[in-house]
Amino acid sequence: MERRTFLRTAVVGSSAAAFGGTLWRGAAYAAPAQPGTGPYGALQAANANGIALPAGFTSRIVARSGQTVPGTSYAWHSAPDGGAVFADGSGWIYVSNSEVSSGSGGGASAVRFDSAGNVTSASRILSGTNNNCAGGRTPWNTWLSCEEVTRGFVYETDPWGVNAAVQRPALGRFKHEAAAADPDHGYIYLTEDETDGRFYRFRPTTWGNLAGGTLEVLVAGTATGGPVTWAAVPDPDGSPTQTRYQVSGAKVFNGGEGCFYAAGTCWFTTKGDNRVWAYDANASSISLVYDDSLVTGGTAPLTGVDNVTRSGSGDLYVAEDGGNMEICLITPDGTVAPFLRISGQSGSEITGPAFSPDGTRLYFSSQRGTSGSSSGGITYEVKGPFRS
């Protein structure tokens with residue numbers, strides 16, 4: 001296993017280097033992003049899949065909840081949520097959480113693609129867990145699947161399904177949302193989906209081994225940004241006092257959602273106030289990348305901020321929970337614009353955006369599809385001339 005893990009890490013590491021790209025303007029943003037014309041222009045009319053895309057982009061359906069994934073014998077899980085892509089030789093794997101209870105099939109699944117993007121297999125990689133919402137990819141090629149329940153766990157999961165998933169209580173027991181690994185500074189960042197949630201980081205005792213380490217919570221002095229400090233959470237088990245109440249002065253974040261680390265910055269979203277934040281890990285400071293209440297000269301294009309990912313060009317892609325079912329992008333120069341819109345699915349939300357290793361394909365799901373039910377989820381692929 002060690003040799004296979006090393007080889008996989010080398011492949012993904014080279015991919016990650018290619019995605020390092022632009023450093024934006026640093027995390028000390030002069031002002032939150034404002035509406036404008038995106039780099040791909042206006043959205044065209046919705047296609048046969050009900051997705052409006054810029055010219056030159058196409059879409060396909062990869063899987064539907066409860067139905068066999070085409071080309072396999074595996075039935076796709078309900079309520080697809082957070083996701084990530086892992087390089088697999090000349091192909092890749094898309095991992096997706098299932099945000100339902102353990103009795104309804106909670107956990108995570110994976111679908112495997114060859115070098116041409118054809119589906120070759122699909123399988124269950126995590127079972128018996130509850131409301132697995134988002135998560136994050138590690139540099140050593142595991143998927144951190146997060147339970148969005150009170151005193152929930154993080155499960156370290158093998159995308160290849162070779163090794164059994166491992167519960168990681170050292171990362172804290174709280175209402176987990178997403179995780180993002182920072183190999184430059186040796187931390188895992190964690191969001192908490194509570195109206196008075198916190199933003200955490202975990203330093204493993206040994207990088208690459210999540211069995212033990214120190215859980216810390218962010219402490220800040222201002223409402224919208226500035227320098228921050230971190231304080232150790234005395235009892236990561238969260239009982240009898242929940243983790244978010246253990247450190248006096250810990251900064252409150254209203255509904256922590258997605259987070260993604262690249263190039264010295266961890267971007268994370270808070271749905272309760274429709275904000276996108278940037279934590280500058282080098283300067284240990286935070287700033288606002290986007291705030292819908294600070295949009296001037298028009299209607300805020302991005303609402304219900306949720307999962308987030310980043311392209312090779314440095315563009316952030318932020319999925320909407322509800323709203324008008326868009327994935328919006330925020331460019332390094334501070335422009336926010338719709339990238340795609342799903343029509344006819346107002347009872348759903350967009351989840352799990354993640355790019356293929358070469359950056360030409362974007363995977364994501366509509367969690368409840370047209371039915372508005374967890375059994376109606378649809379997982380998509382969009383292919384096109386993404387800028388690098």
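This is a predicted model: local features need pLDDT of at least 70, side-chain atom pairs count only at pLDDT 80 or more; totals for chains, interfaces and linings use all residues.
Buried here means under 20% relative accessible area, with exposed set at over 50% and partly exposed in between (1.4 Å probe, protein chains only). Residues are numbered from 1 along each chain as its sequence is written, and side-chain values use heavy atoms, with hydrogens and water left out.

**Overall build**

- The protein chain has 1 helix and 27 strands; these are DSSP runs numbered from the N terminus, with helices being H or I of at least four residues and strands being E of at least two.
- Laid along its principal axes, the C-alpha trace spans about 55 × 55 × 40 Å.
- Take the contacts with a separation of 6 or more: 52% of them are between residues 24 or more positions apart. Contact means heavy atoms within 4.5 Å.

**Surface and charge**

- The accessible surface of the protein chain comes to about 13,700 Å², and carbon and sulfur atoms hold 50% of that. The areas come from the Shrake-Rupley method with a 1.4 Å probe, and for residues only the protein chains shown count as cover.
- There are 26 positive and 33 negative charges, and their mean positions sit 4 Å apart. Lys and Arg count as positive and Asp and Glu as negative, leaving out His and the chain ends; each charge is placed at NZ of Lys, CZ of Arg, CG of Asp or CD of Glu.

**Salt bridges**

- The structure holds 17 salt bridges, each one a side-chain nitrogen of Lys or Arg within 4 Å of a carboxyl oxygen of Asp or Glu.
- One of them joins Arg-168 and Glu-156 at 2.9 Å, N to O. Arg-168 lies in the loop between strand S11 (166-167) and strand S12 (176-182) and Glu-156 in strand S10 (residues 154-157), so this pair ties together parts 12 residues apart in sequence. Both Arg-168 and Glu-156 are buried.
- Glu-194 and Arg-244 pair up too, with their closest N and O atoms 3.5 Å apart. This one links distant parts of the chain, 50 residues apart: Glu-194 is in the loop between strands S13 (187-192) and S14 (199-206), and Arg-244 in the loop between strands S16 (226-232) and S17 (256-262).
- Glu-194 counts as buried at 15% relative accessibility, and Arg-244 is buried at 7%.
- Glu-194 and Arg-244 also belong to a network of salt bridges with Glu-192 and Asp-196.
- Arg-275 bridges to Asp-291, with the closest N and O atoms 2.9 Å apart. Arg-275 is in strand S19 (residues 275-280) and Asp-291 in strand S20 (residues 285-291), so the bridge ties together parts 16 residues apart in sequence.
- Arg-275 is buried, with a relative accessible area of 16%, and Asp-291 counts as buried at 2%.

**A look at Gly-91**

- Gly-91 sits in strand S5 (residues 91-98) and is buried, with a relative accessible area of 5%.
- Leaving aside neighbours within four places in sequence, Gly-91 is in contact with Phe-113, Asp-114 and Ser-115.
- Gly-91 and Asp-358 are 267 residues apart in sequence, yet 9.9 Å apart in space, C-alpha to C-alpha.
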